[in-house]
Amino acid sequence: MEIVALDLADDAAVSACHAVGQDAARADDPVAPPMSRRLFRSMLTSGSSGGPAETWCAPDGNGAMAGWYRVEFPDLENLDRALVHLVVHPARRRAGVGTALLRHAAGRAAAAGRTVISAVIQEGTPGKEFALRIGATLGIVEVRRVQDLARIPPGTIARLHVTAAGAASGYSIARWTGITPEERIAQVAVLNEALNDSPRDATVEPTAWTPERVRDRMNARIARSVMRRYSLAALHDDTGQMAALTVVTVDPGVPGWGHQQITAVTRAHRGHRLGLLVKTAMLDWLAEAEPSLTHIQTWNAGSNQHMIAINEALGYAASGQFRSAELPVAALAGA
């Protein structure tokens with residue numbers, strides 16, 4: 001089977017890979033939001049860590065793709081890792097395509113000096129079966145939850161916002177769209193750093209957030225992305241400190257779905273219902289800014305009971321469990 005580098009300037013090849021991803025999602029995760037082709041291309045261009053990345057695909061000879069993978073090489077932390085997202089078309093599974101792509105990814109990882117392949121698998125899908133068959137080690141459970149806005153009883157969000165505001169006197173709301181403005185960059189770095197006390201796999205190094213990282217990496221990625229991005233923060237009136245931050249993005253090609261990014265509260269300001277405050281304020285904003293929005297998806301570690309309680313109060317319901325999967329690069333020679 002031929003495996004070739006994906007040329008992002010080749011619209012037909014990019015579209016074929018996008019089609020594989022959407023067909024696989026419909027088969028394995030039919031409740032997941034679809035992804036527009038523009039967002040797919042954007043995500044191939046802009047990795048999550050900001051490190052180097054490449055995409056490889058397996059053409060099937062008739063203009064379609066049997067499968068593809070993307071590998072990203074973090075270059076600030078987790079330098080032992082190659083982050084792999086691998087997809088095989090449902091009609092081409094159990095024919096060696098996934099194994100061939102994974103071996104190829106392991107070769108690329110080894111060439112980059114990486115010793116561990118890291119991926120994310122969904123419980124109850126062929127991806128988990130494949131991961132277990134090749135001997136991968138599974139990490140903590142992440143639960144996806146979906147908020148169906150039409151199912152929230154009228155007045156619920158307003159009532160919860162009033163409750164949160166009553167516990168959060170002395171804080172004001174600030175909000176912006178797109179990249180983080182210069183005057184907020186240092187504060188946003190602090191809020192992202194605050195997430196490092198959330199549950200994570202013991203083998204994964206936390207991301208070290210600095211103003212430079214927000215300015216040079218996060219803002220650059222946001223600027224390249226096609227997503228509309230909404231950021232809303234709670235500021236402490238006495239000190240001006242940013243105490244809480246929540247971010248939601250929307251794919252313009254799929255305007256019915258919102259994607260929750262960060263929601264964080266700094267340790268010094270916890271206990272004032274600020275998480276609930278910013279999330280309810282965000283819903284009010286989105287009702288005006290994104291009138292087509294019907295659902296929002298979010299992710300939490302299964303052990304993060306505090307944030308789970310907030311999300312359940314807002315009407316989120318569990319919609320799938322996911323886990324990290326790790327395997328030594330050297331072990332893939334026999335995959």
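I take buried to mean under 20% relative accessible area, exposed over 50%, and partly exposed in between, with a 1.4 Å probe and protein chains only.

**Setting.** I am working on a predicted model, where local features need pLDDT of at least 70, side-chain atom pairs count only at pLDDT 80 or more, and totals for chains, interfaces and linings use all residues. I number residues from 1 along each chain as its sequence is written, and side-chain values use heavy atoms, with hydrogens and water left out.

**Cysteines.** C57 is buried at a relative accessible area of 2%, and C17 is buried at 1%. How far is the sulfur of C17 from the closest cysteine sulfur? I find 4.5 Å, to C57, which is too far for a bond. A disulfide here is a pair of cysteine sulfur atoms within 2.5 Å. My search of the whole structure gave 0 disulfides.

**Aromatic pairs.** I pair rings of Phe, Tyr and Trp (its six-membered ring) if their centres lie within 6.5 Å; planes under 30 degrees apart count as stacked, over 60 as edge-to-face and the rest as tilted. By this rule I count 3 aromatic pairs. In one of them, the ring centres of F40 and W68 are 5.4 Å apart and the planes stand at 75°, so I log the pair as edge-to-face. F40 sits in helix α2 (residues 37-45) and W68 in strand β3 (residues 65-72), so this pair links distant parts of the chain, 28 residues apart. For element names I use DSSP runs numbered from the N terminus: helices are H or I with at least four residues, strands are E with at least two. F40 is buried at 6% relative accessibility, and W68 is buried at 3%.

Y230 and W285 form an edge-to-face pair too, with 5.2 Å centre to centre and 85° between the planes. Y230 belongs to strand β8 (residues 228-236) and W285 to helix α8 (residues 274-289), so the pair ties together parts 55 residues apart in sequence. I note Y230 as buried at 7% and W285 as buried at 8%.

**A charge over a ring.** R213 lies over the face of W209, 5.4 Å from the ring centre. My rule asks for NZ of Lys or CZ of Arg within 6 Å of the ring centre and within 35 degrees of the ring normal.

**The sheet.** I call two strands paired if DSSP finds at least two bridges between them. Which order do the 12 strands of the open sheet follow? I read β1-β2-β3-β4-β5-β12-β6-β11-β10-β9-β8-β7, with mixed pairing. The edge strands are β1 (4-5) and β7 (171-177), each pairing on one side only. Strands β6 (residues 137-148) and β11 (residues 295-301) pair antiparallel over 7 bridges, and Q147 stands opposite I296 in β11.

Helix α3 (residues 97-111) packs on the sheet, touching β2 (53-59), β3, β4 (81-88) and β5 (116-122), at about 160° to β4. My contacts are heavy atoms within 4.5 Å; axes are lines fitted to C-alpha atoms, for helices over the stretch in contact, and angles run from 0 to 180 degrees between N-to-C directions.

**L39.** This residue lies in helix α2 and is buried at 7%. Leaving out residues up to four places away in sequence, L39 touches V226, M227 and D251. L39 and V226 are 187 residues apart in sequence, yet 6.0 Å apart in space, C-alpha to C-alpha.
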